[in-house]
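Notebook open, model loaded. I wanted to look up a pocket, a strand and some charged pairs, and jot down what turned up.

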Amino acid sequence: MGVFDKAEKRIESAVGKVFARAFKGYVHPVEIVAGIQRELDTEAKLLSRERRLVPNSFTIGLSRNDYDRLTPYAKTLNSEILPGIRDHAADRQYVFNGPISIDYVLDEALPTGQFTVASEAVAGTTQARPDQPVRPGRMVLEVNGVRHPLVAPGILIGRGSEADVRLNDPGVSRRHALINVAGDPQHPLVTIEDLGSTNGVHVNGSRVTKTRLGEGSRIEIGNTRMLIHTPSES
């Protein structure tokens, strides 16, 4: 089964037949997955013989009808679309420069059923996207002095090329842990889940399978320590 097929089954499983019928004749989420995958293939830039840098920030342009139908499901869709994008990147040894983001914008010039994909590679240092700086009042994941904003749908941590936060740590699995972010951006619900890693995930000294994170949570993955906190203004 190809990445496209896996993405389609994952989305259909998540949203069900009623959701699928809502998009009959309109842009379907699986088409967006395929569009982003094509964008990755087109924009991949050679880093080495086996590794290519690809965009990690995507803007999907939609017609009025598609925009009105799709955007209410945006958070759910993104959480289901992202695994397919990461799988595609892993299969082709693509490298992301930071967390993956997908945004939807209205393009009145587009007819119903058509969409556009624009992309850019945004460094995952102190911000996930140019319009989302780390600012006081927002929690971040701090890793080796680098702050990663905790924004929906979350952050994949691991040693593999598909990870949003890549750790050059022999004690870290390729897909080690997933931090999920949901709810109000000012007061998000943040959880961490062990993705079946070899060495596990420790939060505040205890090994966990899945647990909620909050201000001051200390995470240990392999030999790497991380901190959840809210930067003060400086």
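**Ground rules.** I count two strands as paired if DSSP finds at least two bridges between them. Helices (H or I, at least four residues) and strands (E, at least two) are DSSP runs, numbered from the N terminus. This is a predicted model, so I kept local features to pLDDT of at least 70 and side-chain atom pairs to pLDDT 80 or more, while totals for chains, interfaces and linings use all residues. Residue numbers start from 1 along each chain as its sequence is written, and side-chain values use heavy atoms, with hydrogens and water left out.

**Entry 1: strand S9.** I started with the partners of S9. Two bridges join S9 to strand S10 (residues 165–166), and the two run parallel. In that pairing I found isoleucine 157 opposite valine 165 of S10. With S11, S9 runs antiparallel, joined by four bridges. There glycine 154 stands opposite asparagine 180 of S11.

Next I checked burial (buried means under 20% relative accessible area, exposed over 50%, partly exposed in between, with a 1.4 Å probe and protein chains only). Five of the five residues of S9 are buried. I looked at each face: Gly154, Leu156 and Gly158 are buried on one side, and Ile155 and Ile157 are buried on the other.

**Entry 2: the second largest pocket.** A pocket here is an open set of points on a 1 Å grid over the protein atoms alone, where a 1.4 Å probe fits, with protein on both sides within 12 Å along at least five of seven lines; lining residues have an atom within 4 Å of a point.

Which residues lie nearest its centre? I got Ser79, Pro83, Arg86, Leu178 and Asn180, out of 15 lining residues. Helix H4 (74–91), strand S9 (154–158) and strand S11 (177–182) each supply at least two residues of the lining, and H4 gives the largest share, five. By class I logged nine nonpolar, three polar and three charged residues. For those classes, Ala, Val, Leu, Ile, Met, Phe, Trp, Tyr, Cys and Pro are nonpolar, Asp, Glu, Lys and Arg are charged, and the others, Gly among them, are polar.

Why does this pocket lie between domain 1 (3–119) and domain 2 (140–229)? Both domains give residues to its lining. The bounds come from an automatic or database domain assignment.

**Entry 3: salt bridges.** I searched the whole structure and got six salt bridges, each a side-chain nitrogen of Lys or Arg within 4 Å of a carboxyl oxygen of Asp or Glu.

I went to aspartate 164 and arginine 86, whose side chains meet at 2.7 Å, N to O. Aspartate 164 sits in the loop between S9 and S10 and arginine 86 in H4, so this pair ties together parts 78 residues apart in sequence. Buried or exposed? Aspartate 164 is buried at 5% relative accessible area, and arginine 86 is buried at 7%.

I also looked at arginine 64 and aspartate 68, a salt bridge at 3.5 Å, N to O. They are four residues apart in helix H3 (residues 64–70), so about one helical turn separates them. Arginine 64 is partly exposed at 37%, and so is aspartate 68 at 42%. Salt bridges with shared partners join Arg64, Asp68 and Glu108 into one network.
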